[in-house]
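Biologist: I'm new to this structure and would like to learn how to read it. Could we go through it together, one feature at a time?

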Amino acid sequence: MSKKWSTKLIHSDVKVPEGFRSLNTPVYRASTVLFPSAASASDEWDQYEFGYTYGLYGTPTVLELAARICELEKGYRTLITPGGQSAISLINLALLKAGDHILVPHSIYGPNRLFAGHMLKRFGVEVTFYDPNIGGQINALFRPNTRLVWCESPGSVTMEVQDVPGICEAAHRAGALVVLDNTWAAGVLFDAFAHGVDISMQALTKYVGGHSDLLLGSVTAREKDIFDRLGAAQQLVGLAVSPDESSLALRGLKTLAVRLKAIESSALELGRWLAARPEVELVLHPALESCPGHEFWKRDFSGSAGVFSIVFRREFSKEKVLGFVDALELFEIGYSWAGVTSLATAYDFQGNKNRPDYGHRIVRLNIGLEDVEDLRQDLARAIATMH
Ligand SMILES: Cc1ncc(COP(=O)(O)O)c(C=O)c1O
C-alpha cells in the first residue's frame, strides 16, 4: 500500500544486506513481541515452551545469558533477574507460603537475612536462623513444615564454608529443598548440583559482570518442576531484565576464567602475607586453614575467589581499624565486590551474639587486577599507620 512519510517512520520498506555475523550476541530491546496471527497471540511466560511472547520474560539477549549461566552451572534452566537480591526474593516468593518454615544461616548476605526476618515473617513464614558451622546438628532444626534451607558458602564477610552436601542430605531426608547463594564461587568454583543443591542463585553483579557497572542475578533450578514454579512467579512479580545489562554480562563471561585465575593467585598471596603480619589475628580466606570450614572448601571447591576478610588483634581500636582502611590508596572503599578494582570495607559485629567475636576488628577485602606487589605495599603502608 502507498504510505505517507509519517507512516513510513513507523512502517519502513528499507532493506539492509543480510548475512551479518559478529562474535557478540545482539542487544534485542523489546516490550512488544510480534505474533504471526491473532490466534497465536498469548501471554505465556515460558518462552522455551511457547516461543517469545513479551519482553518481560526475556528477549534473546537475556535468554542467551540465562542459557550460558545454566550451561556453566549444569542445571535444568536459569532465570535472569534484575539483581542478586531480586533473585533471592523471587526464590522465596515462588516457593513459600504462610505456615511454611525455613532455615537461614546467620552468615547469609545481610538483605537476604532481612528479607527472611522481616518480609517473610510478615507474610506468616516461620524463620529459624542457624549457625553456618552447625554440621549434623541441623537435623534437630527441621520441622514438619520446613520447606527451604538457605546456604551461602562461604558466608558474607565472616566467610564460613558450609558442609553443603551434608546439609542437602539432611534437608532432603526432611523433605525440604536447598537453595545456595553461589556468588562467591561465580557458579563455577563450586558445582552446586553435583553436591545436592536444588536451586543455585548468583549475583551476576559480581564476578560474571566483573567490572562494577551492572546489576543482575540468576536463579538456576535442578529440575523442571522447580523451574516452572520460579518462572510463573517471575511473571507475577514482574522482574523485568535489561538486555543492555545482559549484553554486558555476556561480555563479562568471556573473560571470567582469566580474571578468576589472576584474582585467585593475588588473593592467596596477599592472604598468606597478611596471616604472617603480627597485627593480624586471623585471615578468613576459605583456602587457608584459619578459615572456619576450610576442610569443606578443600573437599568441595575447585578453586578460590578474591574476596576474604582479615581480623585485627584485640588491641586495635575501632578508630585504628577505620584508619587502616582510610590509609589505603589503591584499595577503594565501597560495597559490592568482584570487580577489577581492589576494595576494603570495615564491618562491626559488636553486640551481635550470632556472629563470631570479631567485633569492630574485621575488614573485608576484594582483590582486583592491580599488580599484586603494589597491593602488598599499599597494605603494608596502611598497617604501619596503625602503630
Ligand atoms: C553474596 C551476595 N549475594 C547477593 C547479593 C545481592 O546482589 P545485588 O547487589 O546484585 O542485588 C550480594 C551483593 O552484595 C552478595 O554479596
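Biologist: Which residues does glutamate 245 touch, not counting residues up to four places away in sequence?

Modeller: A contact means heavy atoms within 4.5 Å. By that rule, glutamate 245 touches Asp213, Leu214, Leu215 and Leu216. This is a predicted model, where local features need pLDDT of at least 70 and side-chain atom pairs count only at pLDDT 80 or more, while totals for chains, interfaces and linings use all residues. Residues are numbered from 1 along each chain as its sequence is written, and side-chain values use heavy atoms, with hydrogens and water left out.

Biologist: What does the side chain of glutamate 245 reach?

Modeller: That side chain reaches the backbone nitrogen of leucine 215 at 3.2 Å. A polar contact is a pair of N or O atoms within 3.5 Å; within protein, one must be able to donate a hydrogen and the other to accept it, and residues adjacent in sequence count only if both atoms are side-chain atoms.

Biologist: Is glutamate 245 buried, exposed or partly exposed?

Modeller: Buried means under 20% relative accessible area, exposed over 50%, and partly exposed in between, using a 1.4 Å probe and protein chains only. Glutamate 245 has 23%, so it is partly exposed.

Biologist: How many cavities of 30 Å³ or more does the structure hold?

Modeller: Rolling a probe the size of a water molecule over the atoms shows where empty space is left. On a 1 Å grid over the protein atoms alone, a cavity is a set of points where a 1.4 Å probe fits but cannot get out, and lining residues have an atom within 4 Å of a point. The structure holds two cavities of that kind.

Biologist: What lines the largest cavity?

Modeller: Its lining has 20 residues, with Tyr57, Gly58, Leu63, Leu79 and Gln234 nearest the centre. The volume is about 200 Å³; here a volume is the space filled by probe spheres set on the grid points, which are joined across faces, edges and corners.

Biologist: And what lines the second largest cavity?

Modeller: The lining residues include Gly334, Trp337, Arg364 and Asn366, and the volume is about 40 Å³.

Biologist: Which residues are closest to the ligand?

Modeller: A residue is near a molecule if one of its heavy atoms lies within 4 Å of it. The ligand is surrounded by 13 residues, the closest being Gly84, Gln85, Asp181, Thr205 and Lys206. A ligand nitrogen is 2.7 Å from an N or O atom in the side chain of aspartate 181, and a ligand oxygen lies 2.7 Å from a polar side-chain atom of lysine 206.

Definitions and conventions: On a 1 Å grid over the protein atoms alone, a cavity is a set of points where a 1.4 Å probe fits but cannot get out, and a pocket is an open set with protein on both sides within 12 Å along at least five of seven lines; lining residues have an atom within 4 Å of a point.
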